[in-house]
Amino acid sequence: MTLDIGVIGTGAIGREHIARLHGKLAGSRIVALNDMDRDSARAAGAALCPEARLHDSGQALIADPAVKAVVVASWGPSHEEFVLAAIAAGKPVFCEKPLATTAEACLRIVEAEVAAGRPLVQVGFMRRYDAGYRMLKEIVSTGRIGAPLMLHCAHRNPTVPAHYTGDMGITDTFIHEIDVLRWLVGNDYVSAQVIKGRKSRHAGPDLEDPYLVILKTRSGIVIDTEIFVNCQFGYDIQCQVVGEDGAASLPEPPAVPMRQASMASSAIMMDWKLRFIDSYDVELQEWVDATRQGRVTGPTAWDGYFAAVTSDACVEAKRTGQIVAIDAVEAPDFYRS
Ligand code: NAD
Ligand code: ISE
């Protein structure tokens, strides 16, 4: 049976997901849309799913009996309200990252899902579905490079929009590494430290850019990540795992090596939408398939909570210059299977 989905938030990623879920992927269709910018929802509907009903609020969309599952792709601060409403309505919900903007809010979602007694929430940490990260995880988890000791990573954006300010380098950007690296090494974090670089002249007045985040895991793995969101030259994601017996790196996306005008070169992508485009397809197809069977197989509300606890510690470490402990509550049995 086709999964009938309502989407809240018809901006950049919302439209990408609507296009996937209404036409590209198997077993789903979009039946309802909402955006606080009604013109955006109307335009997305007209272009991508003309038969979808437009709702005046996210809450009305969730309450619509025709909507069997919900995708939340609005701004982070609105996620908690919509995910809690979907859980209260007993409807499966795929929420774009972050699950919510604070650890306390994520914990409220965890508690609501546990109280509901069945898995309903998946978080949009799509890098777990990327072929390159999956190959790297296979090498790490089969022990081919020995036990992982250190990771050297970079998350670089060419530029960011004007509304990207404050701690978004952590809460909006580094949050991807927080989730995927914990999944990659299968180990929770215990501490965070942030070392600020010299500020780039391309960074806006309300943004510190670049900086280095250093996470330590329970087993002692040290992970350094450069966050640089005005690097100018490309959307550049790097990850090298150094193990006891070797090192393994995230593969670069395919690009034709060129030799021309006394230069040897290969193109670097500029757009995050393209860098992980295949992983979004895999992520949402697996979500649709699992949801139709009443299961959640991807990143859970607990993963969203743990990412938020880590993100909060990184923000404090950035503000204070101190090494900050990452203290999560005990994981409920609900998430252990
Ligand atoms: P965007 O600004 O392009 O779109 C967000 C849309 O949500 C806007 O149209 C806005 O009007 C709408 N909106 C905001 N609050 C709302 C509310 N309360 N009710 C209804 N609509 C509301 O932003 P975006 O880049 O599409 O990001 C949206 C979410 O997706 C963010 O949480 C972001 O972190 C996440 N995201 C994830 C990835 C990824 O790679 N997984 C990439 C980009 C964005
Ligand atoms: C954006 O929201 C994303 O999720 C991108 O993957 C990330 O690179 C970018 O910095 C974020 O703003």
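1. The shell around ligand 1 comprises seven nonpolar, 11 polar and five charged residues. Here Ala, Val, Leu, Ile, Met, Phe, Trp, Tyr, Cys and Pro count as nonpolar, Asp, Glu, Lys and Arg as charged, and the others, Gly among them, as polar. In total 23 residues surround ligand 1, the closest being Gly9, Gly11, Ser74, Ser78 and Glu96; a residue is near a molecule if its C-beta atom, placed from the backbone, lies within 6 Å of it. Helix α1 (residues 12–24) supplies the largest share of this shell, three residues. Helices (H or I, at least four residues) and strands (E, at least two) are DSSP runs, numbered from the N terminus.

2. This is a predicted model, in which local features need pLDDT of at least 70 and side-chain atom pairs count only at pLDDT 80 or more, whereas totals for chains, interfaces and linings use all residues. Residues are numbered from 1 along each chain as its sequence is written, while chains are lettered from A and ligands numbered from 1 in the order in which they are written.

3. Around ligand 2 lie Asn157, Asp172, Thr173, His176, Val229 and Trp272. By class, these are two nonpolar, three polar and one charged. Helix α7 gives the largest share of the shell around ligand 2, three residues.

4. Seven strands form an open sheet with mixed pairing, in the order β12-β11-β7-β10-β9-β8-β15; two strands pair if DSSP finds at least two bridges between them. Strands β12 (247–249) and β15 (324–325) stand at the edges with a single partner strand each, so one side of each has no neighbour in the sheet. Strands β8 (residues 189–196) and β9 (residues 211–217) run antiparallel and are joined by seven bridges. Lys196 has Tyr211 in β9 as its bridge partner.

5. Helix α7 (residues 168–185) packs on the sheet and touches β7 (148–156), β8, β9 and β10 (222–228). Contact requires C-beta atoms, placed from the backbone, within 7 Å. The direction of α7 makes about 150° with that of β7; axes are lines fitted to C-alpha atoms, for helices over the stretch in contact, and angles run from 0 to 180 degrees between N-to-C directions.

6. The domain assignment, which is automatic or from a database, gives domain 1 (1–125 + 276–299) and domain 2 (130–270 + 304–333). Their C-alpha centres lie 26 Å apart. The contact takes 17 residues from domain 1 and 15 residues from domain 2.

How values were computed
Contact = placed C-beta atoms within 7 Å.
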